[in-house]
Amino acid sequence: MAGETITTGEYISHHLTNLTYGKLPADYVRVDAEGHTHVLEQAQWTMAHSAQEASDMGFMAIHVDTMGWSIFLGILFCWSFARAAKGATVGVPGGFQNFVEIVIDFIDDNVKSIFHHKNPWVAPLGLTVFCWVFLQNLMDLVPVDWIPELAKLMGIHYMRVVPSTDVNATAGMAIGVFILILYYSIKQKGIGGFAAELAFQPLPKWALPFNLFLELVGLIAKPISLALRLFGNMYAGEMVFIIISLLPFYIQWVLSVPWAIFHILIITLQAFIFSILTIVYIAMAYDKH
Amino acid sequence: MEAAIITLAGALIMGLGAIGAAVGVGILGSKFLEGAARQPELIPMLRTQFFIMMGLVDAVPMIGVGIGFYILFAL
Amino acid sequence: MNINLTLLAQLISFAMFVWFCKSFIWPPITEAMEERQKLIADGLNAAEQAGEDLEKAHLEVAEQLTEAKTQAAQILEQANKRASQIVDEAKEQAVSEGQRLKEAAQADIDQEVNRAKEQLRAKVASLALAGAEKILEASIDENAHRSIVDKLAANL
């Protein structure tokens, strides 16, 4: 439990607030812990002291915890896999290399069965997405209070450990995928071909506006569904863990253990789905309809 | 009054989402078993596809559960 | 759920991780895996080849064995034939030798007989002569009657 005096709602929203560094506008009224207020004379880059401040920062803000953890996990992935790659032998692979090869083989099989063109980027993209998203999701299995409490001891008030419960993280990746979809669509079919595909698709030429609307919605829905599916799943999982941690500590395991076991399936599945859909979307960008 | 409405809303979100997912996963599972029984040699491939589809079907109600919990406990 | 700069930062770091993976992780590992796959395939092929060779060698050995057996049988047969031939020859030789010896002995015997006859004849002649001498004593001139006596002896 986080503290003695805070309410359930406060506890939950505390857990759902990112450590935000951003720009507060001029004339903004800040309220500190003791309830004193003071007015900012000019716009200022600073750490947000509350969820309200964080949301008042608008777009010019960055979630330090999300970035920190996701980059840490990304570097963990890159470092460990690069080490395996450096020591990759043709002979009998040992321990970690074996594991890395299983993962790569798995991704490679899936890519080969979905994507039939020659492109050296797609398979590494799938691998990166799978591993990185999986590691981000895996942070969900760390008991919800451990790292935030540790951070509190070090004087950091907000700490969200699971980067994929931040919609910015998942949407960032989804936008990356979206850019790749557009890039490969135009590269393969030309701007005219791509536009024709959008305009003349399900119905013949006379229904152009309708086609355009349908296809554009379909196109935009790809990254949005990609981002929101992962975000929603992780957010919900996190939410359930937080709710469970509100129970008395001696009863928590009854719910948290089954949920954690089920969650192992979900995090793997969501990472897998994210990478598979990435590959599928890029394969769709390549294929002519 | 407001608390009752919020509770009701959370219950509706979770319950309706669960209905959809239950029907979806049920159909998916029955088809998977049918296919597996008809062509057991395709089971590995079918299982992969089954899990992909289950992840897709499962996502929406799971998000619903998240939102439901949020409005039940945090609001 | 605030949308902010984190989005772009995350996009950039995503791109960087993908680039890193594409440049430094994917190629060496897949290359090593492919090479190993090739190595294993080669090894399996070699094993198969060796198996085939073994089979072939087995067949060859069996063939040679049967050949050797037939050869041995042939040699044995030949030897047998030769042996019987030798025995036959030896028999024949023995028979002919015996014949020859018998003939030689016969010839010897004949010769001896002839010689004995001759001697006897000579003896008889001289005996006859002596007898006649005794009978006739001086009346007979040896030189004059010699031819008569010889004729007598030849008729013996």
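The paragraphs below lead through a predicted model, chain by chain and then residue by residue.

Local features in this predicted model need pLDDT of at least 70, side-chain atom pairs count only at pLDDT 80 or more, and totals for chains, interfaces and linings use all residues. Residues are numbered from 1 along each chain as its sequence is written, chains are lettered from A and ligands numbered from 1 in the order in which they are written, and side-chain values use heavy atoms, with hydrogens and water left out.

Chain A contains nine helices and five strands, where helices (H or I, at least four residues) and strands (E, at least two) are DSSP runs numbered from the N terminus. Along the sequence these elements follow the pattern α-β-β-β-β-α-β-α-α-α-α-α-α-α, and the C-alpha atoms of chain A fill a box of roughly 65 × 60 × 35 Å, taken along the principal axes. Of the 289 residues in chain A, 49% are buried, a class that means under 20% relative accessible area, with exposed meaning over 50% and partly exposed lying in between (1.4 Å probe, protein chains only). Among contacts in chain A between residues at least 6 apart in sequence, 70% join residues at least 24 apart, a contact being heavy atoms within 4.5 Å.

The accessible surface of chain A comes to about 13800 Å², and carbon and sulfur atoms account for 70% of that surface; such areas come from the Shrake-Rupley method with a 1.4 Å probe, and for residues only the protein chains shown count as cover. Chain A carries 14 positive and 21 negative side chains, with the centres of the two sets 17 Å apart. Here Lys and Arg count as positive and Asp and Glu as negative, while His and the chain ends are not counted, and each charge is placed at NZ of Lys, CZ of Arg, CG of Asp or CD of Glu.

Within chain A, A:N211 belongs to helix α8 (residues 208-244) and is buried, with a relative accessible area of 0%. Not counting residues up to four places away in sequence, A:N211 touches A:L198, A:A199, A:F200, A:Q201, A:P202, A:L203 and A:P204.

Two pairs of chains touch, and the pair with the most contacts is A and C. In chain C, helix α1 (residues 6-136) has 131 residues and reaches 184 Å from its first C-alpha to its last, close to the 195 Å expected at 1.5 Å a residue, the expected span being 1.5 Å times one less than the number of residues. This helix bends by about 40 degrees at C:C21, the bend being the angle between axes fitted to the seven residues ending there and the seven starting there. Just after α1(C), C:E137 takes a positive phi of about 45 degrees.

Also in helix α1 of chain C is C:I25, which is buried, with a relative accessible area of 0%. Leaving aside neighbours within four places in sequence, C:I25 is in contact with A:F77, A:C78, A:F81, A:A82, A:A85, A:L127 and C:F20. From C:I25 to C:K151 there are 126 residues in sequence and 144 Å in space, C-alpha to C-alpha.

No contact joins chain B and chain C, whose closest C-alpha atoms lie 12 Å apart. In chain B, B:A9 sits in helix α1 (residues 2-38) and is partly exposed, with a relative accessible area of 27%; its C-alpha atom is separated by 34 Å from that of B:F32, 23 residues apart along the chain. B:I67 lies in helix α2 (residues 43-74) of chain B and counts as partly exposed at 39% relative accessibility.
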